[in-house]
Amino acid sequence: AEGESDASASEKKEERVKDLMGLVAEIVPFLLSNNAQTEAVDLLMEVDSLSHLLGYVDMATYERVCLYLQTCALYLPEPEDAEALHEAARIYRKCGKSCLALRIALRLRDMELAQAIFGEADEITKKQLAFDLGRHNVV
């Protein structure tokens, strides 16, 4: 009987989490579209779903979201700080902002990410990225 009650409690908890995540999926787009980007990011951080942010951000909201993620990273403990910065880099890459994504990769000291950003850039952007890499003494 005790095993059955544990299973039942676990099912109820999973159902509540599923309901909560459904609400989050409705609230985040609303917040982003109504100039409340910081609240949207905070909500996703609170429910450990920051990785879902990329699907919600667009060209109208990416800038404030990424700036807020970078600011939050200053106050977050490890490894959440790196997670926030990686998410900002993913958003910058999605929005075609290679130079800003590269800055974050350098801040993270993630050379694989920096190489990926450099590799996907067009020729003109590669020149700018090469200049930025040179300024940081990266060869």
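Start by selecting Asp48, in the loop that links α2 and α3 (53-56). Keep in mind that you're looking at a predicted model. Check the backbone here: phi is positive, about 55 degrees, even though Asp48 is no glycine. That's worth a stop, because most residues other than glycine have a negative phi. Is Asp48 buried or exposed? Its relative accessible area is 71%, and the cut-off for exposed is over 50%, so Asp48 counts as exposed.

Which way does the peptide bond from Glu78 to Pro79 go, cis or trans? This one is cis, with omega near 0 degrees. For context, most peptide bonds are trans. Pro79 itself sits in the loop between α4 (62-73) and α5 (80-94).

For the last stop, select helix α6, residues 98-108. Color its buried residues: Ser98, Ala101, Leu102, Ile104, Ala105 and Leu106. What covers them? Show α4, α5, α7 (111-120) and α8 (123-135), which are among the elements covering those buried residues. Then move just past the end of α6 to Arg109, where phi is positive again, at about 60 degrees.

Terms used:
Residues numbered from 1 in each chain as written. Predicted model: local features only at pLDDT ≥ 70, side-chain atom pairs only at ≥ 80, totals over all residues. Heavy atoms only, no water. Helix = DSSP H or I, 4+ residues; strand = E, 2+ residues; numbered from the N terminus. Buried < 20%, exposed > 50% of the residue type's maximum accessible area, 1.4 Å probe, protein only. Contact = heavy atoms within 4.5 Å.
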